[in-house]
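Please look over the sequence and the structure shown below before reading on. The report that follows takes up a few features in turn.

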Amino acid sequence: MSREVISAIIRGTDGFVQEAETMLNEAIEAKGQDQAIEFPGTAFYLPMAYSLTGQDVQTLGQLKEIVEHCRELLPREPADKLWLPYLGDGLDAGAATLLALEATCAIRYLNNEPIEQGFTGFISDTILRELGIQLVDGRMPGFAAILGPAPSNEIAVHVIRELQKRSILSFLLCNRDGASIKDQLDEESVELGWDTYIVPVGRDTQSAIYVLNWAMRGALTFGGHAKGDWASCLRYCKERIFAFGITFGPIPEDWYAVGAAAILMGFPVISDHESTPEVRPTGVTTYEALVRELDHAQIVPTCIEVRGVKVKVEEVDIPVSYSPAFEGERVRREDMQVEFGGKKAPAIELLETVELDEITDGEVIVNGQDVDAIEMGSAIGLGVHVKVAGRKAKADFDGIFERQIHRYLNEAMGFMHTGQRDQIWCRVSKAAFEAGFRLKHIGTILHAKLHDDYSGIIDKVSVTVTTEEAEVAELVARARPAFAARDERVAGMTDESVDTFYSCTLCQSFAPNHVCIITPERLGLCGAYNWLDGQAAYEINPTGCNQPVAKGTCIDERTGEYQGVNEFVFDKSNRAVERFAAYSLMENPMTSCGCFECILAIVPEANGVMIVNREYSGETPIGMTFSTLAGSVGGGAQTPGFLGVGRLYLTSRKFISAEGGLPRLVWMPKELKEAMREKLETRAAEAGMGEGFVDKISDETVATAAEELVEFLAKVDHPSMAMDSLI
Ligand code: SF4
């Protein structure tokens with residue numbers, strides 16, 4: 001704390017202590033030491049004295065001890081040339097302010113001084129119970145104490161609306177030259193009261209104690225902390241009550257004293273004035289203690305960031321119904337207004353973590369043609385670029401947050417989303433279009449839901465949705481290295497090196513019996529979740545779709561069957577799947593949902609397997625296209641001989657190792673082969689298969705029928721021909 005700030009705090013506190021001493025002496029003289037004293041509607045006597053000192057103050061005589069203690073707490077103002085670690089003194093002064101203000105206001109009640117009409121004065125325990133529970137359980141994300149009038153009515157309304165939008169309760173306090181922010185809001189006909197979350201408490205500075213001892217009663221009531229256990233009470237306020245102060249204009253000494261009291265309780269103060277020195281060290285408050293924000297458009301976001309308020313967006317403000325009930329809904333071609341991606345156009349979603357100052361929370365930008373400008377029934381490219389920021393956000397979580405886009409968008413009635421990363425396919429139904437659904441609502445949904453589900457990590461979300469061809473291509477180019485980097489993180493880990501795998505049941509909305517088991521050497525079949533993602537997702541949400549699965553006793557090392565995994569899968573598949581083998585295509589393979597990047601299928605004539613990816617629309621040697629195969633493989637069924645997989649599984653040491661692994665691969669679309677050539681060659685070399693294996697894998701330029709395939713394999717001496725029979 002700077003000398004300037006500490007001096008102002010001490011002078012302000014001294015004023016409050018003197019006022020309390022004078023009023024107390026006058027009251028004792030007039031009414032005697034035994035005169036009862038109390039606040040209306042509380043069981044906590046004088047709540048600050050009760051929580052900080054353990055005293056049940058019921059008489060003026062008992063109050064005298066408290067006021068004397070204030071004087072003891074009050075430090076001396078620092079000398080001009082002396083350097084001192086001022087923080088402790090500032091906090092002592094804050095404690096003195098809390099106790100002195102409470103004494104003054106209690107005596108005012110004793111003297112029957114009227115509360116000005118339109119202000120609440122002391123806040124009762126009943127209101128504490130009604131609203132406080134929302135405050136401590138997170139439904140009401142926090143409260144703001146606003147000191148003084150704003151520089152203009154327009155700014156006053158703007159700040160209040162920004163707080164209201166986030167369900168943050170505003171207490172109006174203090175005045176400058178007699179004017180309060182309440183007057184400004186009255187002039188602008190803003191409705192005030194508990195129902196609108198805007199509560200005028202008092203025109204003077206002393207009334208701040210009503211707000212602070214209301215918060216402190218939260219620690220006593222909801223935290224269950226004992227009277228006098230000041231350390232626990234203060235810690236509770238800091239950790240559980242997300243309050244902060246906003247000051248308009250230069251800060252006078254008495255506001256500084258109240259600010260020190262707030263900071264002692266863990267509540268930071270944000271000032272809009274350039275003359276305010278900042279107090280940036282953290283510890284007493286979660287983050288900074290006293291911060292300047294001169295831009296009134298940014299003052300509320302800054303408060304949220306500095307206090308670490310976890311904003312929840314209660315309603316998803318879109319023109320169609322929004323509920324998990326719509327998650328599994330399909331939009332059929334005949335009901336479709338427009339579609340994005342799939343096989344007809346490029347479409348991509350990318351979520352990235354950025355710095356807090358790089359984005360504006362809630363910003364949604366739409367570029368290119370919107371749904372109403374696209375011809376009905378047609379397909380167009382789409383790019384969804386989500387940026388998130390937060391003090392606890394880290395890039396390791398990007399893949400997890402990004403994978404939620406699938407569920408979030410599907411919960412909108414009439415919007416269908418499948419796939420992930422650069423393989424998404426979305427449809428908007430005619431009914432949703434007629435109800436007013438447009439591309440900006442993708443941003444509305446993602447902003448609301450990411451805040452809702454990850455409020456402990458994400459503080460800001462911005463979304464750009466584009467249908468501009470060049471921008472979609474640009475986003476694809478930007479995203480691919482990010483996707484590759486996520487995949488690389490897990491390289492080098494082995495299944496043997498861990499005793500826990502992770503599950504994923506995110507796709508149960510479409511395939512109720514489906515469970516992905518993700519191991520270090522086998523990623524989820526959508527290709528978007530690897531083992532580290534599963535671990536991080538569990539860290540973020542311990543009750544979510546990704547749970548640790550203890551391997552337990554090994555039943556069969558060859559097929560990768562474990563007792564613990566079997567039990568987990570049986571339980572989570574609605575008792576539909578009894579046995580699960582991690583490395584086999586033929587014996588108890590994993591179930592397949594509908595999100596798989598690729599399908600692996602047995603080609604009996606070739607004694608091997610083929611793989612076909614979602615993007616390939618041509619024929620395969622088993623006489624089925626990807627779409628036909630997907631129809632029979634998906635839905636959460638366990639289908640020996642057929643398996644949905646992430647493409648990277650091809651290069652894993654555990655790739656169908658029960659059936660012999662990579663040497664079984666006899667056919668794949670040329671484009672996929674070329675895209676994976678380097679990784680396949682590396683893996684083939686590692687497996688001791690010699691050079692040239694990748695060229696022995698057939699593709700559609702060589703064979704699209706089983707006979708042609710077998711002929712080719714014989715010609716190139718493909719290893720599958722000499723392996724044990726697959727069937
Ligand atoms: S495919 Fe598997 S890993 Fe991917 S989201 Fe669905 S359940 Fe999770």
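## The ligand and its surroundings

Which residues surround the ligand? In this predicted model, the ligand has around it R403, C504, L506, C507, H514 and C516, together with G524, L525, C526, Y529 and C593. Sorted by class, the shell around the ligand consists of eight nonpolar residues, two polar ones and one that is charged.

## The largest pocket

Rolling a probe the size of a water molecule over the atoms shows where empty space is left. The largest pocket holds about 1400 Å³ of space. Its lining is made up of 50 residues, and those closest to the centre of the pocket are D422, Q423, R614, E615 and R647. Several elements give two or more residues to this lining, namely strand 7 (336-341), strand 13 (425-429), helix 15 (469-488), helix 18 (626-633) and helix 19 (670-686).

Which helix gives the most to the lining of the largest pocket? The answer is helix 15, which gives six residues. When the lining of the largest pocket is divided by class, 21 residues are nonpolar, twelve are polar and 17 are charged.

## The second largest pocket

In the second largest pocket there is about 590 Å³ of space. This pocket has 24 residues in its lining, and A491, G492, L648, T651 and S652 are the ones that lie nearest its centre. At least two residues of the lining come from helix 15, and at least two from helix 19.

Here helix 19 gives the most to the lining, with five residues, whereas in the largest pocket it is helix 15 that gives the most. The classes in the lining of the second largest pocket are eight nonpolar, seven polar and nine charged residues.

L173 belongs to strand 2, which covers residues 169-173. Is L173 buried or exposed? Its relative accessibility is 1%, and L173 therefore counts as buried, since buried means under 20% relative accessible area.

Once the neighbours within four places in sequence are left aside, L173 is in contact with A145, I146, L147 and G148, with V201 and G202, and with S207, A208 and V211. T559, by contrast, lies 386 residues from L173 in sequence, and the C-alpha atoms of L173 and T559 are 69 Å apart in space.

## Aromatic pairs and a cluster

A pair of aromatic rings is described by the distance of the centres and the angle of the planes. The model has 22 aromatic pairs. In one of them, the rings of Y109 and Y210 have centres 6.2 Å apart and planes at 80°, so this pair is edge-to-face. Because Y109 lies in helix 4 (residues 87-110) and Y210 in helix 8 (residues 208-221), the pair ties together parts that are 101 residues apart in sequence. Y210 counts as buried, because its relative accessibility is 2%.

How are the rings of F415 and F437 arranged, and what are the distance of their centres and the angle of their planes? The centres are 5.5 Å apart and the planes stand at 40°, so the pair of F415 and F437 is tilted. This pair links distant parts of the chain, for F415 is in strand 12 (residues 415-418) and F437 is in the loop between helix 13 (430-435) and helix 14 (440-453), 22 residues apart. F415 is buried at a relative accessible area of 1%, and F437 is buried with a relative accessible area of 1%. Elsewhere in the model, one aromatic cluster is formed by F143, F171, W194, W214 and F267.

Conventions. Residues are numbered from 1 along each chain as its sequence is written. This is a predicted model: local features need pLDDT of at least 70, side-chain atom pairs count only at pLDDT 80 or more; totals for chains, interfaces and linings use all residues. Side-chain values use heavy atoms; hydrogens and water are left out. A residue is near a molecule or strand if one of its heavy atoms lies within 4 Å of it. Ala, Val, Leu, Ile, Met, Phe, Trp, Tyr, Cys and Pro count as nonpolar, Asp, Glu, Lys and Arg as charged, and the others, Gly among them, as polar. On a 1 Å grid over the protein atoms alone, a cavity is a set of points where a 1.4 Å probe fits but cannot get out, and a pocket is an open set with protein on both sides within 12 Å along at least five of seven lines; lining residues have an atom within 4 Å of a point. Grid points are joined across faces, edges and corners, and a volume is the space filled by probe spheres set on the points. Helices (H or I, at least four residues) and strands (E, at least two) are DSSP runs, numbered from the N terminus. Buried means under 20% relative accessible area, exposed over 50%, partly exposed in between (1.4 Å probe, protein chains only). Contact means heavy atoms within 4.5 Å. Rings of Phe, Tyr and Trp (its six-membered ring) pair if their centres lie within 6.5 Å; planes under 30 degrees apart count as stacked, over 60 as edge-to-face and the rest as tilted.
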